[in-house]
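Me: I am new to reading protein models, and I would like to go through one slowly. Could you take me through a few backbone features?

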Amino acid sequence: MKVKQQLKQLKPYQPGKPIEEVKREYQLETVIKLASNENPYGCSSLVPQAITAELAHLALYPDGYSRSLREALAKHVGVNEKQLIFGNGSDEVVQIICRAFLQKGTNTVMATPTFPQYRHNAIIEGAEVREIPLQDGHHHLEAMLEAIDDDTRVVWICSPNNPTGTYVNDASLRAFLDKVPKHVLVVVDEAYYEYVQADDYPNTVSLLQQYENMMILRTFSKAYGLAALRIGYGIGHEHMLQAMEPAREPFNTSRLAQVAALAALNDQTFIQQCVQKNKQGLNQFYSFCDQHGLRYYKSEGNFILIDFGFSGDEVFTYLLQRGIIVRSGCALGFPTAVRITVGSAEQNETIIRALTNMLKERREKLCEETS
């Protein structure tokens, strides 16, 4: 049997090490996972109640239209309900877009490093991938424009960008959209939208009125704390989403995910509390980096990418042995950095202590070697 030729150049997505595996491997009782940008505060207390009430209906297929969630989300976002498309996480919406727009003979433009599933799904569809290196951690929009041609079908903008946490401001996005040909879909991936604090972050939903070739991606996996239930969504023009619908699997979001997302959406107080704590957590890491002269990007997400100046795998292993899971930059395109999810204040203090000890031990070792 022969699989698609494209699959031979791809590797399956490698998630961060699970807590249970690290406990077994290092014989640890307590492990802190700060590798996958999950919400350290979990989800709204309304969610377990909603899930419990739905357990009596597990024998029934979910609502393929997601009507209850769709109506509430449309009101929350400020769009018509037919301007929404749901997916098994926003990852699946990425897959639906690639399935709908890309094929052999077409190309897609994206930054690098960025969220890897854009490239992954484009290659599966046989499209050419044009990757434009980040410019000081930011999307190089001018170079991305130059890469667009008649065969370009999709351009991806991850804002805030994973793994750098940087964003595309309002003026830059508008200028970019003004120059993108109308036959090209511009996807603005806002998975970390709820965490954004920047005053000049664009109101992308309002931009939909002006740019019909734009689509927005968001998710309930991050700030809403529903990563295990896998539910995300896209926002775009009705006619475009209707054209894409045949590429979406029926019943692609579960009953539990739909009721959980609806409950989570109805507790914006919880979201506001998480966002404020995340801001405080980022400041903990900024202070640590400034104190030790470490380079980092100001982040609009719930994570920070820190450049230690030596192998990110070394930092990853040091922390792993002490029961702290982070993401090595070696797997993210930043080989001397690590990406750390912002945890609770206590978790942040724990990892900062460990990193401080690591830097101290490394300095002492270098002194011994040179003396």
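Reply: We begin with how the model is to be read, and then turn to particular residues. This is a predicted model, in which local features need pLDDT of at least 70 and side-chain atom pairs count only at pLDDT 80 or more, while totals for chains, interfaces and linings use all residues. Residues are numbered from 1 along each chain as its sequence is written, and side-chain values use heavy atoms, with hydrogens and water left out.

Me: Which residues does the UniProt domain annotation cover?

Reply: UniProt positions are given here in the numbering used for this model, feature names are shortened, and annotations may be inferred rather than shown by experiment. In this case the unreviewed entry places "domain: Aminotransferase class I/classII large" on residues 30–355. That span is 38% helix and 17% strand, and its end C-alpha atoms lie 18 Å apart.

Me: What is the phi of S66, and is S66 buried or exposed?

Reply: Buried means under 20% relative accessible area, exposed over 50%, and partly exposed in between (1.4 Å probe, protein chains only). S66, although not a glycine, has a positive phi of about 55°, and S66 is buried, with a relative accessible area of 1%.

Note on methods
Helix = DSSP H or I, 4+ residues; strand = E, 2+ residues; numbered from the N terminus.
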